[in-house]
Amino acid sequence: MKFTKMHGAGNDFIIINNMIQKIPEEKFSTIAKSLCSRRLSIGADGIMFLDSTKSEAAYKMHFFNSDGSKGEMCGNGARCICRYGFEKGLSGKKQIVETISGLIEGTRIDERRYKVKLNKPTVFEIDFPLEYDGTKYNCSYVELGNPGLPHLIVEFSKLHTLDEKKLYDIAKGLRKHKMLSKGANVNLYFIDDKQEIHAKTFERGVEDFTLACGTGAGSIGFTLIKKGIIKGDEVRINMPGGILDINIKENNEKYEEIFLTGPTNIVCEGIVLDEDLSY
């Protein structure tokens, strides 16, 4: 099994070209859980199987989290797979990728920077306060695409000062809050004295903080603009793994389009020799 390892702002992925490998779809989850395991295998936040499609897209992206669960979409993953497609001659500088949440558009900015149009917001609750462990949090809730990828946006001034274990406990508690029917990715953010936005995302399926989350950054930017906290249509999000740029536009159908731009990195390519992997 040939693979490529990439990351976008520290959000790392394994890519398998299934148009060549021909792995049965029912095996994707098992392979994801095995190969994404750090120390025991290649290790990654998620895995993407690139497959053929009958739609107008260049190819289809099957995304699985490191725990083997299927993901609706992944913004940084989409940027990486767009570069993969271009580098491998599977698509041009502009491309369309099919995901289970809908079609997304990708654009090559330069050799390493890629931009994708995320799935449109299908659910948005601007004021969505939640209480956890006796504390009430100022939250908003966003779903991108259909089926919706859920994101909780949490104003959190102690992001850089709170003990890591306590931060983890709060994010994990909110991620599975009883008011969230299918759970959510939890995006904690604060705005510093220089008006710069800092954020960390606790991701479903990884069940931990990742170094960056593309759809999370898009959801934060969308929320801050809709709430009037940020003026204009551009937002820069500082995440532990790097900077992600968000641009919001309103199209003719009067819904907002969210564009995500950021870096990509091709880490390595190789062949899986894992003797414990059976598929």
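Start by colouring the chain by burial: buried residues, those under 20% relative accessible area with a 1.4 Å probe and protein chains only, make up 55% of the 279 residues. Keep in mind that this is a predicted model, in which local features need pLDDT of at least 70, side-chain atom pairs count only at pLDDT 80 or more, and totals for chains, interfaces and linings use all residues. Residues are numbered from 1 along the chain as its sequence is written, and side-chain values use heavy atoms, with hydrogens and water left out.

Next, switch to a cartoon view. You will find five helices and 20 strands, taken as DSSP runs (helices H or I, at least four residues; strands E, at least two) and numbered from the N terminus.

Now zoom out to the C-alpha trace. Its atoms fill a box of roughly 50 × 45 × 35 Å along the principal axes.

Then select the charged side chains, with Lys and Arg as positive and Asp and Glu as negative, leaving out His and the chain ends. There are 39 positive and 39 negative ones, and the centres of the two sets lie 1 Å apart, placing each charge at NZ of Lys, CZ of Arg, CG of Asp or CD of Glu.

Finish with the cysteines. The structure holds zero disulfides, a disulfide being a pair of cysteine sulfur atoms within 2.5 Å. Select Cys 80: the nearest cysteine sulfur, that of Cys 74, is 7.9 Å away. Cys 80 is buried, at 0% relative accessible area. For Cys 213, the nearest cysteine sulfur is also that of Cys 74, 6.6 Å away, and Cys 213 is buried at 3%.

Conventions: Buried < 20%, exposed > 50% of the residue type's maximum accessible area, 1.4 Å probe, protein only.
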